[in-house]
Amino acid sequence: SHFTHSNPDHLTMKYRLPLILQKLEKEMNRSPASSSPPPTIFALQEICYSFTSELHTFFAQRGYQFITGLYGKRFNGYMGVGI
């Protein structure tokens, strides 16, 4: 592994994805400062292909659209960005 100082269990999708979704959900549910807040735009980087279907579903269920641009190679999970 490239991450020699990390707990190997913390590098798995099973561990990481729920933490990411939790942070996104928290931001979506944040109390607005005004009565009519602007829509939130999420820009994510370094997302791998294996996360994209879960992220598409997560955002769609909450009325968002999610678009990805995956430019990486096989060795990094076809890493890319999403908005």
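Exposed means over 50% relative accessible area, buried under 20%, and partly exposed in between (1.4 Å probe, protein chains only). I keep in mind that this is a predicted model: local features need pLDDT of at least 70, side-chain atom pairs count only at pLDDT 80 or more, and totals for chains, interfaces and linings use all residues. Residues are numbered from 1 along each chain as its sequence is written, and side-chain values use heavy atoms, without hydrogens and water.

**Helix H1, buried side.** Next I listed the buried residues of H1: Leu17, Leu21, Leu24 and Met28. They cover an arc of only 60 degrees around the axis, so they sit on the same side of H1. The arc is taken from the directions from the helix axis to the C-beta atoms. What covers them?

**Helix H1, length.** I checked the span of H1 (residues 13-28). Its 16 residues should span 22 Å at 1.5 Å a residue, and the end C-alpha atoms are 22 Å apart, which agrees. The expected span is 1.5 Å times one less than the number of residues. Helices (H or I, at least four residues) and strands (E, at least two) are DSSP runs, numbered from the N terminus.

**The sheet.** I then traced an open sheet of three strands, in the order E1-E3-E2, with antiparallel pairing. Strands pair if DSSP finds at least two bridges between them. E1 (44-47) and E2 (68-70) are the edge strands, each pairing on one side only. Three bridges join E1 to E3 (residues 80-82). I looked up Ile47: its bridge partner in E3 is Gly80.
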